[in-house]
Amino acid sequence: MRKSIYSCIAALVVVSGANADVKVGNPMAMTGPIPDLVAPMALAVDLAEKHINEQGGMFASGEEYVIVRADSMCDPVAGVDAVTKLINVSGVVGIVGPVCSGGTIAQAESVSIPAGVVTLSVSASAPAISNMETGTDLVFRTAASDAYQGVALAELALAKGITDMSVSYANDDYNAGLAAVFAEHYAANGGKIHLNEAHEPNKASYRSEVATLGANTENLALFAYYGSGGITLMRNAMETGAFSTFLGADGMLAQEVIDQLGAENLTNATFTTSTSDESTPGYAAWSALAAAADLNPLGPFVPNSYDAAFMMALAIEKAGSANRDLIAGALRAIGNGSGEVILPGEWAKAKKIIAAGGDINYNGGSGPQDFDANGDVAGDFSASVVKDGVWVGKIIK
Amino acid sequence: MWESFGFEFVNFYFVPGIVLGCIYALGAIGITLTFGILRFANFAHGEVMMTGAYVTWTIMALTGALFGWALHPLIAAIPSVFLMILVFFVVDRFFYKPFRKAPTIKVVMASFGMMLVIRSLVQILWGPNQITFVKGIAKPNSFIRELTGSMDMMILVPNKHFLIMGGTVVIVMLLGYLLTYTRIGKAMRAVSDSPDLALVTGIDVEVVIRATWIVGGACAVAAGVFLATDIQMLETTMGFRMLLPMFAAAILGGIGKPYGAVLGGLVIGLAEELSSYPWIGDAPLLSPGYKSGVAFSIMIVMLIVRPSGIFKGRTF
């Protein structure tokens, strides 16, 4: 009896080995402070998986490209847990994700870099990620660093004629990093910062914070995730009349903010995010694919998510086998600006060129996606304001 | 911008501190009773708060869809209280009772597990997204604003805060009556003081335990609904976020002492808000990023100096 069980298990192992799928881990913050933002990003990753498998799958044998999703909750601890499980239990080739900077840094330092696995984050934008590696080349991202977004936001504030502000940021890698870049650039170019204070996320009340911050100015630069205090802080700021003008970034750019606070109260709120240059052929290809799948092509980090999942597949295909050690080099080979241009969705074409030994260069919906020495990409930013009850973004140069 | 004396302090630090303290207090009552009578730290308490608020919202949404007008949260909370008490009973019967005679750590771990189970169930049923409890922003009560404004001490308090403070006073008074004058209340205090002695005098401990869940559940739902009223949204970790300050409040007041929990809640709530008042100069005395640290510093100092809490509760 026991022998037959063993042989059954052995047979199963052999069978599953023969049909070996190419597994890629995808930790996403499905729950936590920003589920609204992440849901379409996860759909974009699934869309890339679908396109790849429809057009012949991986390698000559047509193996299936499988996205193994885990919940990283936008939290460093949950991120480490999720990626540990993906690498050690699911045995994934690479990591596409996590969403939040804190989770990305924590999992890279304690799990994926020691394990020699490539992380290709879809939206982690903290400046700290650029220089976090010493001696390895394993952390990449398809979203531009906030070293640029902070500057763009500071210039936007000055262009709007806002000469003095207070800054409030949630105490995490993404928000603190962005606030630091913003405050430095804003002050260096003639803006006056009254107070620059961290706030603890997830509190029930921020009335004392907004009272202190608002003592001398009506303009607030708010860096927070909407679901872990951002909305509450804005509400408290409006209720007490401490602030009338709000500036901020991606973490607050959710429909939830409008639904809860009311569009009529948000006439002076502007939030920036990474966006796509709509004039590129990469964006044209992506927006057609997104429209066919009912996705908003300009949703925050939605194209970046598709690009990351697609580029990870291209890199594995380029490497020629699902070998973790070859992925970083292959990722650089497909994202260095030289070779035949591949647009979103052109999997069959890319596969053919790679099989013939040619070089490819992926140009995504979110931008050209050419990695610099730190594994970062350049990007464009947009500023969104409320119009007819929804966020409407406009690209800023 | 705010010239009149004390205006800023009262409106932006003192009143919010009291409101937060009221919510902590209601939650801490349940925690301290469970701790005193069943002798374990119930980690699932915050999730019951949260689920109670979700059920209340659902009832409001249902009546809104069926009859065109939504029930007031306080009325919708009543059926929610019964439902959550039922949840407490089921959880106690199947997950806590089997460990009643076992070392305490087992039932603490069971409650930790229940916390995760309940939260996941809520995420499955209602989804991980935030839900709007009350839309828009709450302006300060204009009558009081004008009345006090003419006396040169403008008070800015929105109606929702009067509701929370008034509701808490009523609930605490009812609880005081229950514990002081009714038979079951006296039995609860007796079991809290000494379960063995209570047993010899003929008190049915299981009945007392059920009464504990009823009182704790009612207070937890009230706390959850008040919290949702204040932050105007529902979110699946809202109860858990409150759990640790509520534990701090229960320990500060003295384990097993409901009045202690109320006082502890108010002290913790006020301490968190007042710590960032610009007492010296223009900048906050302590960065608001360290608010939670204030609550726990108070708790740790209390545990070292006077482990039985303000009201001389149980020590372990």
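Biologist: A salt bridge pairs a side-chain nitrogen of Lys or Arg with a carboxyl oxygen of Asp or Glu within 4 Å. How many salt bridges are counted between chain B and chain A?

Modeller: This is a predicted model, where local features need pLDDT of at least 70 and side-chain atom pairs pLDDT 80 or more, while totals for chains, interfaces and linings use all residues. Residues are numbered from 1 along each chain as written, chains are lettered from A and ligands numbered from 1 in the order written, and side-chain values use heavy atoms, without hydrogens or water. Over all chains the structure holds 17 salt bridges, and the count between chain B and chain A is four.

Biologist: Happy to have that settled! Which residue of chain A pairs with E272(B) in a salt bridge?

Modeller: Its partner sits across the contact, with the closest N and O atoms 3.1 Å apart. E272(B) belongs to helix α11 (residues 258–274) of chain B and its partner to the loop between β7 (192–199) and α7 (207–213) of chain A, so the pair joins two chains; helices (H or I, at least four residues) and strands (E, at least two) are DSSP runs numbered from the N terminus. Both residues are buried (under 20% relative accessible area; exposed is over 50%, partly exposed in between; 1.4 Å probe, protein chains only). The partner is K203(A).

Biologist: And which residues make up the network that includes K160(B)?

Modeller: One link runs from K160(B) to E239(A), with N and O 2.9 Å apart. The whole network of salt bridges is R207(A), E239(A), K160(B) and D230(B).

Biologist: How much area do chain B and chain A bury between them?

Modeller: The contact, meaning heavy atoms within 4.5 Å, takes 43 residues from chain B and 40 from chain A. In chain B, Q130(B), I137(B) and R241(B) lose the most area to chain A, together 18% of what that side buries. Carbon and sulfur atoms carry 50% of the buried area, which is the accessible area (1.4 Å probe) lost on putting the two parts together, summed over both. The total is about 3,300 Å².

Biologist: Which element of chain B gives the most to the side that touches chain A?

Modeller: Between the two chains there are 25 residue pairs in polar contact, both at pLDDT 80 or more. Elements that each supply at least two residues to the side of chain B touching chain A include α6 (159–181), α9 (205–231) and α10 (238–253). With six residues, the top contributor is α1(B).

Biologist: Last one: how far apart are the closest N and O atoms of D137(A) and R332(A)?

Modeller: These two form a salt bridge that links the loop between β4 (119–121) and β5 (139–141) with helix α12 (residues 327–334) of chain A, 195 residues apart. D137(A) counts as partly exposed because its relative accessibility is 28%, and R332(A) is partly exposed at 23%. Their closest N and O atoms lie apart by 2.6 Å.

Key: Polar contact = N/O pair within 3.5 Å; in protein donor to acceptor, adjacent residues only side chain to side chain.
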